[in-house]
Amino acid sequence: MIGRLGERFIESGWLIASIVVATFLNPFSAQVFEPDKAALLHGLAILMLAAWVIRGLEHLVADGARATSPSRVKRAVAETARGLWARPIAALALALALVYVASTLTSISPRMSWWGSYQRGQGTYTFLIYLTLFFVVLSVLRREDQLQRLVTTMLLTSFPVAVYAILQHYGLSLVRFAEGGVETRVISTLGNAIFLAAYLAMVVPLTLWRLLRSARAWSGREIQSALVTLLYGGLFVLQLLAVVFTQSRGPLAGLMAELIVFVLLVAVLRRRRRWALAGVLLATAAVAVLVALNVPGLAPEALQSFSYLRRLRGILGSNEVRARLLAWDTVLQAVRADPLRVALGYGPETMKSVLTGFMPAELWVLQGGGQYGTFDRAHNAVFDALYAQGLVGVITYLSLYGLIFYQSLRWLGLVRSRRAAGSLAGLLIGGAVVGLVVPWLWHGDLVLMGVGVPAGMIVGLILYLIGNIIVAPVLEVEADEGRSLLLAALLAAIVGHLVETQTGIGTVATRSYFWLYTALIILLGTDRVGEPERISQRSASASRERGRGRRGRPRGNMATSVLATESLAPTIALALVTAALLGTLSYAFIHGFSVEGARVPARILIWCTWLFAGLIILLERDPLRAEVSSLGGDVLVYAAVSLVWVLPFVVYHRANAQTLERLTASYGVFVGWLLLTVAGIAVALQWGRSSVRSDTESGWLVAHALILALALAWVWQVDITRIRADIYEKVGQTALGAGYEEQAIPNLQRAVALQLEQDQYYVYLGGGYVEQARRASDVTAKDGWMEQARQVFERGQALAPLDSDHPRQLGLAYRVWADWAEDSTVRRQRLQRSLSYYQAAVRLNPENPDLRLDLASAYFALGMSEEALAQYQHAVEIGSPDHLGRAHAGLGDVQVIQGRLDEAMQSYRQAMAAGRDKQEVVQARISAVDRYPEDIDVRESLALVYAAAGRRDDALTELKAALDVASNDAERAEVEDLIKMVRQ
């Protein structure tokens with residue numbers, strides 16, 4: 001039946017999704033990482049949803065005509081309601097979805113809240129995609145081999161991510177990044193050190209679970225078990241090394257928390273008090289090291305000098321912690337400013353547009369000052385929820401975690417009575433209350449509640465586990481310890497995720513894995529996952545004989561069951577999964593734009609991944625498979641299928657991704673190849689189980705085809721087209737930066753045409769028109785280009801009226817436009833328009849030093865000296881090191897105009913001494929002299945800047961030139977006084 005094949009397609013979809021959210025990066029698009037991962041996840045989830053709908057229709061058809069009767073519908077609704085009541089986590093997930101939708105409908109920008117921002121793409125649409133992934137796994141995953149295949153895929157995916165991080169640490173980066181080298185804090189395929197560490201921390205518990213399972217099955221004579229144990233042990237070491245090389249404190253804290261929880265859970269499940277003691281000692285040691293590193297004189301010199309612990313020193317006094325506190329306080333101010341937003345918030349993904357109006361100057365400085373418009377997250381999940389969904393969102397969010405903790409422990413057998421349930425609930429709620437009240441009393445406000453409340457909940461959870469060990473040390477071990485340990489590993493990973501998101505940002509990878517893990521917890525806890533296949537009594541008997549140790553006791557199963565027991569189909573499926581992993585890596589690293597010297601390391605990374613995946617897949621073959629196919633046959637099948645499937649794509653991509661014009665086509669081919677891989681895995685999984693031929697009526701087949709076509713059309717138009725537009729945008733930006741406006745503008749126009757509602761593209765296209773206007777030779781052509789720029793900038797502003805970037809661009813455009821106006825009246829009108837737009841930008845973003853300097857420049861151009869002086873002084877008060885040079889130099893320019901030459905000289909000296917941007921100060925005044933060679937004030941300013949920089953000869957040369965252009969005795973006398981000042 002098509003429905004059965006649809007189930008296999010859904011499974012292959014979640015396998016590929018778990019790969020691409022972690023490993024995919026697009027070096028040809030402007031955003032490279034997060035939105036590109038989200039687009040692929042969207043597409044896969046939509047197609048999985050379509051297959052799920054087709055599967056449901058087939059069930060209706062199979063049930064006959066009464067399936068559509070009102071009573072049947074009512075019964076289905078009642079069963080769904082009972083199912084949700086029996087699975088409160090799923091019900092609460094739906095409640096959170098309703099909160100997202102409600103906050104989107106009441107958002108200050110519903111469009112952005114729905115689709116997500118250009119930089120992140122984490123709007124309500126993406127959240128619903130996560131829930132789609134959650135519910136399809138919950139409704140389709142039923143067999144043990146499906147569960148194991150998913151875990152195996154996740155672990156295989158983490159291997160190249162960790163290895164690439166280690167390569168980066170030793171200087172072998174395979175992609176060129178704008179921020180320069182990434183050796184100090186590696187980012188791998190996740191794009192950010194924090195994102196990478198957070199992802200790996202979520203996979204570590206699964207690695208430990210497999211390691212424990214394989215080690216338990218290992219006796220000295222079993223080479224296969226030993227090899228599997230060594231492979232997982234090596235993977236665990238690689239993951240830990242990569243986390244250490246990220247130097248990320250939040251994920252490291254999450255990793256420590258999850259390890260402590262996992263050790264305690266294993267101690268309970270295996271009745272090992274020593275393990276519990278180890279968990280307590282691990283927590284104590286971690287706290288002791290942290291305290292020693294932050295209290296002067298406590299830590300030994302060797303510990304202090306250890307480079308990988310340097311970011312753990314002086315945490316409380318660090319700029320990063322200060323910036324986090326200011327950010328959280330800014331969120332509180334924004335929420336308090338509008339009581340109507342307390343309940344449902346401002347809407348997802350709108351923080352960039354709102355918080356800039358509340359940000360203090362100090363936060364701009366700590367953020368880097370020049371990072372214009374990048375403050376779009378509070379770096380705390382509680383405050384993010386408070387801002388976006390209000391108190392309703394915060395309560396739902398924390399309740400979801402609390403319910404996951406409670407249900408997981410109940411399913412593990414650690415909550416067996418109402419008294420135990422009350423104790424756990426009391427500890428979780430009490431911990432949350434303590435985490436709210438104590439920081440409030442200590443700090444005097446609620447700025448620490450985002451960290452305190454989750455921390456209190458986790459402390460409550462740990463205390464409950466310790467108490468369980470003390471009070472009830474003799475716990476009846478579950479019949480299937482492997483599943484209990486897996487449930488414990490999943491719970492530990494979610495604990496770590498909760499910790500790290502209180503100082504970081506949830507990503508496509510970590511959020512996808514969170515919902516996958518939550519689905520698996522429900523399935524394991526409710527015993528919804530059955531055995532893979534019924535096997536013959538003879539095979540089972542043989543398996544039991546092989547599974548006995550020297551003393552006749554049954555050995556624990558290996559972390560296998562990865563493969564089903566029929567023919568070569570499972571090996572083919574996992575070979576195709578490996579091919580998808582290799583193809584994803586090849587898309588990023590094997591092409592004509594590779595970094596010099598990166599081709600050989602990229603190939604080594606890909607071949608090592610292929611070898612590691614093959615060893616895991618082949619060594620974890622179910623022992624029963626030996627009667628159906630030989631190990632040698634599986635080796636050949638794995639090698640042939642994986643390489644034959646991936647190599648044609650790699651060859652095509654390497655040959656075609658050579659020119660800028662073919663990049664979008666290559667991306668389209670990759671997406672198509674990936675979907676074919678999903679389909680191939682589905683066919684392989686279904687192969688040998690039952691016929692895929694359908695006896696469905698032709699009318700229903702047409703309906704199925706229509707559903708699939710609509711899903712494909714949606715994916716292409718909504719998600720793939722968005723990334724294609726971003727590729728055109730990057731090509732255009734690259735050409736624009738190289739001075740090829742004639743090549744840049746067509747590509748930027750294509751980006752806008754593909755994404756008419758993406759306001760950022762209008763900024764880039766308008767900038768291209770402005771550059772083209774500057775290069776035009778006659779005034780008529782210049783005016784034509786500037787008119788187009790004006791229209792484009794205004795369309796962008798209409799789409800995002802609260803984003804200060806758009807009025808800023810309009811102000812810049814009119815300022816440039818005024819430079820070549822022949823009529824003085826027209827020039828002043830354009831300068832007035834420029835001023836009005838800069839004023840609007842500053843109202844939206846009052847503490848941004850860039851905008852203050854722009855506004856000061858506009859006042860200065862209009863001869864409004866006092867107003868310009870006030871704005872330059874404000875920029876100085878903000879104190880951004882990246883802007884102090886221009887701010888002090890601006891003060892000097894005004895003072896030159898006012899004839900206060902001694903003060904001007906002092907201001908220029910401060911500009912040269914205080915600002916990191918002093919080279920920009922010099923270059924700007926050289927450019928001004930080139931534009932206005934007859935303006936004596938401009939030449940005097942440049943001369944004084946040269947003098948302040950210690951370039952006396954250059955200063956005197958400019959002053960002599962100023963004497964030549966002086967039009968009266970007063971000007972000549974002023975220049976002569978300056979010459980004397982410089983010579984002193």
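# Reading the contacts in a predicted helical chain

Reader: What makes Lys782 count as lying over the face of Trp820?

Author: Lys782 is placed over the face of the Trp820 ring, at 4.6 Å from the ring centre, and a charge is taken to sit over a ring if, for Lys, its NZ is within 6 Å of that centre and within 35 degrees of the ring normal. The model is a predicted one, and the values discussed here are computed from it.

Reader: Why is Gly452 called buried?

Author: Gly452 has a relative accessibility of 10%, and buried means under 20%, so Gly452 counts as buried. This glycine belongs to helix H19, residues 449-471, and, leaving aside residues up to four places away in sequence, Gly452 touches Gly435 and Pro439. The C-alpha atoms of Gly452 and Pro439 are 6.7 Å apart, while the two residues are 13 apart in sequence.

Reader: How do you know that Asp145 and Arg149 form a salt bridge?

Author: Their side chains meet at 3.0 Å, N to O, and the cut-off for a salt bridge is 4 Å, so the pair qualifies as one. Asp145 and Arg149 both lie in helix H7, residues 144-169, four residues apart, which is about one turn of the helix. An α-helix has 3.6 residues a turn, so residues three or four places apart point the same way. Asp145 is buried, and Arg149 is buried too.

Reader: What makes the pair of Glu620 and Arg210 a tie between parts 410 residues apart in sequence?

Author: The side chains of Glu620 and Arg210 meet in a salt bridge of 3.4 Å, N to O. Glu620 lies in the loop between helix H24 (599-619) and helix H25 (631-656), whereas Arg210 lies in helix H8 (residues 193-216), so the pair ties together parts that are 410 residues apart in sequence. Both Glu620 and Arg210 are buried.

Reader: What makes the aromatic pair of Trp328 and Phe383 stacked?

Author: The whole structure contains 35 aromatic pairs. In the pair of Trp328 and Phe383, the centres are 5.9 Å apart and the planes are at 15 degrees; planes under 30 degrees apart count as stacked, so this pair is stacked. Trp328 is in helix H13 (residues 319-337) and Phe383 in helix H17 (residues 381-411), 55 residues apart, and the pair links distant parts of the chain. Both residues, Trp328 and Phe383, are buried.

Reader: How do you know whether the rings of Phe514 and Trp515 are stacked or edge-to-face?

Author: Their centres are 5.0 Å apart and their planes are at 80 degrees; over 60 degrees counts as edge-to-face, so that is what the pair is called. Phe514 and Trp515 are both buried, and they belong to a cluster linked by ring pairs that also includes Tyr100, Phe127 and Tyr401.

Reader: Why is helix H38 described as largely enclosed by the rest of the structure?

Author: Twelve of the 13 residues of H38 are buried, so the helix is largely enclosed; among them are Ile936, Arg939, Glu940 and Tyr946. The cover over these buried residues includes helix H35 (884-897), helix H37 (918-931) and helix H39 (952-965). H38 spans residues 936-948 and reaches 18 Å from its first C-alpha to its last, close to the 18 Å expected at 1.5 Å a residue. At its start, a side-chain oxygen of Asp935 reaches to within 3.0 Å of the backbone nitrogen of Asp937, and H38 is followed by Gly950, whose phi is positive, near 85 degrees.

Key:
Residues numbered from 1 in each chain as written. Predicted model: local features only at pLDDT ≥ 70, side-chain atom pairs only at ≥ 80, totals over all residues. Heavy atoms only, no water. Helix = DSSP H or I, 4+ residues; strand = E, 2+ residues; numbered from the N terminus. Buried < 20%, exposed > 50% of the residue type's maximum accessible area, 1.4 Å probe, protein only. Contact = heavy atoms within 4.5 Å. Phe/Tyr/Trp six-rings, centres within 6.5 Å; stacked < 30°, edge-to-face > 60°. Expected span 1.5 Å × (residues − 1). Polar contact = N/O pair within 3.5 Å; in protein donor to acceptor, adjacent residues only side chain to side chain.
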